[in-house]
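Trainee: I have a structure open on my screen and would like to learn how to read it. Can we go through it together?

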Amino acid sequence: MPWVVGGHRWNDAPGSCTISANSVALLRTLAEEGHGVALLPQHLVRVSLQASKLVPVLEAEKTISWPLYAITASRLITKGLRLLIAHVKNELRTSHSEVL
């Protein structure tokens with residue numbers, strides 16, 4: 001996955017990379033333990049930032065965002081699923097507003 005931070009773009013992690021993973025939880029843990037820099041979603045690092053386990057870098061730079069879709073097996077959306085989607089949207093909106 002490319003890294004895009006502000007006006008900068010790298011096809012993969014900038015600089016030498018000794019560890020890579022496709023798990024944001026693992027990347028967060030590695031960064032917390034001092035193993036490098038990770039490009040992570042704000043809502044997944046909120047607690048780590050508050051506990052000073054992570055320190056933000058390049059805060060003034062904007063990162064790209066990706067759309068999130070709910071894919072269902074049928075067109076019928078149950079009340080429970082509708083409530084879940086609303087909850088996720090609200091949580092993401094809340095965590096996103098904290099960044100701004």
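**Reading the fold and a helix pair**

Mentor: Buried means under 20% relative accessible area, exposed means over 50%, and partly exposed is in between (1.4 Å probe, protein chains only). Before we go on, this is a predicted model, where local features need pLDDT of at least 70, side-chain atom pairs count only at pLDDT 80 or more, and totals for chains, interfaces and linings use all residues. Residues are numbered from 1 along each chain as its sequence is written, and side-chain values use heavy atoms, with hydrogens and water left out.

Trainee: Which residue forms a salt bridge with E32?

Mentor: A salt bridge here is a side-chain nitrogen of Lys or Arg within 4 Å of a carboxyl oxygen of Asp or Glu. By that rule the count comes to one salt bridge. R28 is the partner of E32, with the closest N and O atoms 4.0 Å apart. Both sit in helix α1, four residues apart, or about one turn of the helix. Helices (H or I, at least four residues) and strands (E, at least two) are DSSP runs, numbered from the N terminus. R28 is partly exposed too, with a relative accessible area of 25%.

Trainee: What joins the side chains of S48 and E32?

Mentor: A polar contact of 2.3 Å. The term covers a pair of N or O atoms within 3.5 Å; within protein, one must be able to donate a hydrogen and the other to accept it, and residues adjacent in sequence count only if both atoms are side-chain atoms. S48 lies in helix α2 (residues 42-50) and is buried, at 6% relative accessible area. Leaving aside residues up to four places away in sequence, S48 touches R28, E32, K53 and L54, where contact means heavy atoms within 4.5 Å.

Trainee: How do I read the overall fold?

Mentor: Count the elements, then follow their order. The protein has three helices and two strands, in the pattern β-β-α-α-α along the sequence. Its radius of gyration is 16 Å, well over the 13 Å that the globule rule gives for 100 residues, so the protein is more spread out than a compact globule. That radius is taken over C-alpha atoms, and the rule is 2.2 Å times the number of residues to the power 0.38. The C-alpha trace spans about 50 × 30 × 25 Å along its principal axes, and buried residues make up 10% of the 100 residues.

Trainee: Which residues make the nonpolar surface patch?

Mentor: L68, L84, V88 and L92 make that patch, of about 340 Å². Patches are made of residues with over 30% relative accessible area and no salt bridge; like charges are joined within 9 Å, nonpolar side chains (Val, Leu, Ile, Met, Phe, Trp, Tyr) within 5 Å. Areas come from the Shrake-Rupley method with a 1.4 Å probe, and for residues only the protein chains shown count as cover. V88 is in helix α3 (residues 79-99) and, at 33% relative accessibility, counts as partly exposed.

Trainee: What is the phi of S52 near?

Mentor: Most residues other than glycine have a negative phi. For S52, phi is near 60°, a positive value in a residue other than glycine. S52 is in the loop between α2 and α3, and its 60% relative accessibility makes S52 exposed.
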